[in-house]
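Dear colleague,

I am passing on the structure below, and after it you will find my notes.

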Amino acid sequence: MPELPEVETTRRGLLKAVRGSTITGVTVRERRLRWPVPAELPHVLEGATVRDLSRRGKYLLWHFDHGFLLSHLGMSGSLTAYRQAPAPVPHDHLDLRFESGCVVRYHDPRRFGAMLWIQGTEPRHVLLDGLGPEPLMRGFSGQALYRASRHKRVAIKNFIMDARVVVGVGNIYASESLFHAGIDPRKPAGRVSAARYDRLADAIRKTLRSAVRAGGSSLRNYVGANGEPGHFQLATMCYDRAGEPCRVCRQPIRSLRQGQRSTFFCAHCQT
DNA sequence: CGAGAGTCCTGAAGGC
DNA sequence: TGCCTTCAGGACTCTC
């Protein structure tokens with residue numbers, strides 16, 4: 001479900017409710033996520049005040065005076081802030097209760113997400129080591145992609161989904177960005193020109209920015225922090241459109257599997 | 001080392 | 001209706 005725009009939408013939605021607020025209680029109903037929820041999590045969070053909520057790639061970092069809560073939504077996770085929480089439903093794995101009465105609830109049917117604790121004043125964690133540049137910040141450019149891609153035989157689509165290259169480009173936005181840049185997703189990364197990487201970097205920025213503006217994607221079951229679905233699915237050029245006519249040239253959109261993931265592209269517009 | 005496959009898990013959808 | 005297979009927004013970890 002969540003790619004960078006969904007995580008950013010979640011962050012913005014939660015920020016007003018949680019920044020400056022103190023946690024009064026933590027309920028863990030299911031510890032078995034991607035990694036076990038640390039047993040000490042309720043103890044370290046109760047009484048702590050959220051100083052900030054930031055994002056690194058698809059990770060959310062909750063800042064406290066003595067450490068950080070590192071959360072990831074995985075494939076099917078969501079974080080929702082309730083002024084008054086309804087009764088928990090299946091897969092509501094964790095609640096953060098605030099002194100205001102607000103409850104932030106983590107829901108994740110597939111349990112590929114994570115809730116981890118980083119002790120200390122620096123947000124250092126192996127999961128954050130080696131992450132590439134943020135696509136919506138300085139440091140990300142066509143030139144950076146070009147440099148990182150030399151001598152790489154991996155397909156360009158898999159290359160831009162590698163978090164060491166650039167963070168936050170998931171399966172939907174990888175296909176969409178390559179469509180906008182006119183690049184065949186099967187092309188070896190090392191054989192794409194610098195000029196085309198400039199186009200691709202622009203396409204990634206534009207695709208992600210417009211999805212953030214739209215409040216994230218709403219494919220299948222995405223809901224944001226306020227429970228509202230996103231609207232990105234209305235605008236996909238190729239993702240999930242196999243057999244349907246390309247919106248530019250009317251040739252049928254093709255699909256294939258790359259690294260166990262579905263890719264969608266237009267063989268006429270993308271070369 | 002790089003590249004590709006396997007893995008965790010539940011639920012929805014489609015075929016028969 | 002029911003059973004089975006396939007697929008789903010991620011990404012770490014293993015194998016070759």
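Around DNA strand B, the nearby surface is made up of three nonpolar, two polar and four charged residues, where Ala, Val, Leu, Ile, Met, Phe, Trp, Tyr, Cys and Pro count as nonpolar, Asp, Glu, Lys and Arg as charged, and the others, Gly among them, as polar. Please note that this is a predicted model, in which local features need pLDDT of at least 70 and side-chain atom pairs count only at pLDDT 80 or more, while totals for chains, interfaces and linings use all residues. Residues are numbered from 1 along each chain as its sequence is written, chains are lettered from A and ligands numbered from 1 in the order in which they are written, and side-chain values use heavy atoms, with hydrogens and water left out.

The residues around DNA strand B are H91, P109, R110, R111, F112, K152, R153, V154 and Q260, a residue being near if one of its heavy atoms lies within 4 Å of the strand.

Chain A is assigned domain 1 (4-119) and domain 2 (142-265), with bounds from an automatic or database domain assignment. Between these domains, 16 residues of domain 1 are in contact with 16 residues of domain 2, contact meaning heavy atoms within 4.5 Å.

Best regards
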